[in-house]
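Hi,

Here is the structure I promised to pass on.

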Amino acid sequence: MVAPENRDDVGVGEARGTEGTAGTRTRTAAGGTRTAEAAGTPRGPDEPGGPAALRGLDAAGGLAALRGLLDRPLASYYLLLSSAGLLLLIGLTMVFSATSVKDYAENGNASASLTKQAIFAVIGIGAFWACQRLPATTYRSLGRPLLFTAIGLLLVLNLLLAYARLTGQDSARIGPIEARLLWLFIGGVQVQPSELAKFALVLWGAHVIARKGAALGWWRELATPLFPVVGLLFVLVGYNDLGTMLCLLALVIGLLWAAGVRLRVFGALSVFGLIGVGLLIAVASLGAGSGERGEENYRFARLMSFFNPPAPEDCKLEGCYQIFQGRLAIEHGGWFGVGLGKSSLKWNWLPEAHNDFVFAIIAEELGVVGCAVVLTLFAVLAYTGLRIARRVDDPFRRLAATAVTTWLVSQAVINVGGVVGLLPITGLPLPFISDGGSALVVTLAAVGMLASFARAEPDAARALHARPPARWVRLVWAPLPPLPARRRRTATPPAARGSVPRARERRQDDQAAPRGVRATRTRGRSADERRR
């Protein structure tokens with residue numbers, strides 16, 4: 001008698017368990033799983049709980065987490081700050097490492113070059129702070145004055161250098177202004193006008209192209225006034241500095257690419273660019289740049305040593321000596337380097353180890369790993385700049401962000417390519433890292449403008465306005481960006497007014513019913529007749 005009652009209770013429990021004891025069944029299944037595992041049943045690599053599946057879940061989770069971080073409103077701003085800040089820190093470290101031996105041997109102060117570069121870094125950070133506070137309208141208005149200033153400084157530099165060559169001197173001076181190769185010394189302050197010309201061309205070119213808009217499809221609108229001004233800058237800069245002229249060419253190509261210019265324009269620019277580069281290489285025989293009249297054309301020699309490198313024992317200082325010593329530094333570094341500060345090629349064996357060939361010192365002291373870190377930071381900077389250009393709504397911001405990104409990335413590619421032997425040597429410094437005050441200040445100012453554009457992204461502006469920082473933070477660091485304008489929906493055009501609908505026409509004939517009387521009913525009959 002007891003067994004049937006127990007069976008009935010079990011049945012009732014099972015019936016209830018379908019509704020309220022799902023956790024019991026889960027625990028039972030889990031208990032079964034633990035029993036199977038305790039019994040030693042192995043799982044296959046492709047089973048749901050196998051190692052391959054777990055690795056796939058980890059990879060998918062990592063990508064999802066990275067995508068979530070990149071989807072945050074201020075991701076572009078923080079990526080820009082982190083990449084540029086780390087490159088600046090690496091640059092100060094490598095400048096001290098590359099110059100400490102020479103400075104101590106010449107002046108007895110191993111940190112002389114580091115102190116000078118740190119002062120310019122502080123000035124550049126101030127320029128970054130000022131530029132990230134400025135709106136786009138201020139940048140558009142600054143383009144023309146900066147361009148005229150850069151052209152004026154370049155004219156003064158070239159005229160003084162021409163006078164120095166005519167008189168057989170290395171430099172020329174007029175009052176407090178002294179010209180020497182690529183630099184102007186104004187009252188003891190060293191200025192490189194070609195660096196200012198890059199930033200000025202970004203602002204002015206982006207303003208001109210954004211103002212023309214759809215009219216760029218016409219050759220006349222595209223050519224004037226952009227091409228004459230660009231040609232003048234190419235001549236003024238390229239006569240003494242061919243590498244900076246190539247950087248300006250890459251900047252212009254980035255501007256036109258962001259504007260959506262047709263491919264035939266790029267083909268024409270490539271042809272004229274190659275012709276101009278050939279002419280600038282040829283005029284080095286007449287004394288252009290570092291050349292001397294009657295001496296070997298150093299630009300042509302560099303080009304030939306790239307295409308047909310001589311044997312290492314035949315290298316000279318003007319030929320392939322620098323690239324050969326740079327290769328030795330890279331080979332000496334190996335995978336992990338010899339250690340920070342332990343380079344042997346910087347002991348006056350590698351020319352311009354602190355400037356043009358600082359990447360070779362990085363390769364020797366930090367190895368392939370250090371070079372990979374530097375290249376990764378430049379890749380992050382390139383991705384961030386193009387991300388900002390894609391996300392902003394203002395055409396000027398989009399063009400200027402693309403131009404600055406093309407400028408910095410192309411300069412880094414030309415420098416690193418020349419050091420490792422993939423490109424000819426041009427003498428361009430490595431952004432953020434090479435020794436040089438004017439280049440560092442202008443570069444940080446351009447990055448500050450990118451930071452201003454990153455804060456002006458629609459999602460970033462809405463997020464900053466939704467949770468604004470404290471008032472003193474806005475006063476000290478950066479004000480709130482303007483909110484993006486709401487996109488108005490295009491209203492449907494009103495229907496053409498034709499004839500009045502027939503339902504609204506008033507009858508003008510004799511049968512028109514009087515006002516207030518229905519035409520379908522007649523009140524001439526009596527009430528009894530109407531009831532029937």
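**What I found**

Setting aside neighbours within four places in sequence, Leu-399 is in contact (heavy atoms within 4.5 Å) with Ala-206, Ile-209, Ala-210, Leu-255, Ala-258 and Ala-259. Leu-399 and Ile-209 sit 190 residues apart in sequence, yet their C-alpha atoms are 8.2 Å apart in space. Leu-399 belongs to helix α15, and with a relative accessibility of 3% it counts as buried. For that term I use under 20% relative accessible area as buried, over 50% as exposed and in between as partly exposed, with a 1.4 Å probe and protein chains only.

Before going further, some housekeeping. This is a predicted model, so local features need pLDDT of at least 70 and side-chain atom pairs count only at pLDDT 80 or more, while totals for chains, interfaces and linings use all residues. Residues are numbered from 1 along each chain as its sequence is written, and side-chain values use heavy atoms, with hydrogens and water left out.

**The chain as a whole**

There are 19 helices and four strands in the chain; these are DSSP runs numbered from the N terminus, with helices being H or I of at least four residues and strands E of at least two. Of the 532 residues in the chain, 39% are buried. Among contacts with a separation of 6 or more, 68% are between residues 24 or more positions apart.

**More on α15**

Thr-405 is in α15, which covers residues 395-420, and it is buried at 6% relative accessibility. Not counting residues up to four places away in sequence, Thr-405 touches Leu-381, Ala-382, Gly-385, Leu-386 and Leu-450. Gly-417 is also located in α15 and is buried, at 5% relative accessible area. Beyond its neighbours within four places in sequence, Gly-417 is in contact with Leu-422 and Leu-423.

Helix α16 (residues 437-455) has 19 residues and runs 27 Å from its first C-alpha to its last, close to the 27 Å expected at 1.5 Å a residue. That expected span is 1.5 Å times one less than the number of residues. How many of the residues of α16 are buried? The count is 19 of the 19, so α16 is largely enclosed by the rest of the structure.

Helix α6 (residues 136-166) has 31 residues and reaches 45 Å from first C-alpha to last, again close to the expected 45 Å. There is a bend of about 35° in α6 at Leu-142, and a proline, Pro-145, follows within four residues. The bend is the angle between axes fitted to the seven residues ending at that position and the seven starting there. Just after α6, Gly-168 has a positive phi of about 75°.

**The α10 and α11 pair**

Helix α10 (residues 242-259) packs on helix α11 (residues 263-282) at about 175°, with the axes 12 Å apart. The axes are lines fitted to C-alpha atoms, for helices over the stretch in contact, and angles run from 0 to 180 degrees between N-to-C directions. That makes the two helices roughly antiparallel; the cut-offs are under 35 degrees for roughly parallel, over 145 for roughly antiparallel, 65 to 115 for roughly perpendicular, and oblique for the rest.

On the α10 side, the residues are Leu-242, Met-245, Leu-246, Ile-253, Leu-256 and Trp-257, and they meet Val-265, Phe-266, Leu-269, Val-277, Leu-280 and Ile-281 of α11. The contact has 12 nonpolar residues, no polar and no charged. Here Ala, Val, Leu, Ile, Met, Phe, Trp, Tyr, Cys and Pro are nonpolar, Asp, Glu, Lys and Arg are charged, and the others, Gly among them, are polar.

**A few single residues**

Ser-194 is in helix α7 (residues 193-212) and is buried, at 6% relative accessible area. Apart from neighbours within four places in sequence, Ser-194 is in contact with Leu-154, Val-237, Asp-241 and Thr-244.

Now to the loop between α13 (321-333) and α14 (358-391), where you will find Asn-348. Most residues other than glycine have a negative phi. Asn-348 has a positive phi of about 65° without being a glycine, and it is exposed at 70% relative accessibility. Glu-352 is in the loop between α13 and α14 as well. Its phi is near 55°, a positive value in a residue other than glycine, and Glu-352 is partly exposed at 38%.
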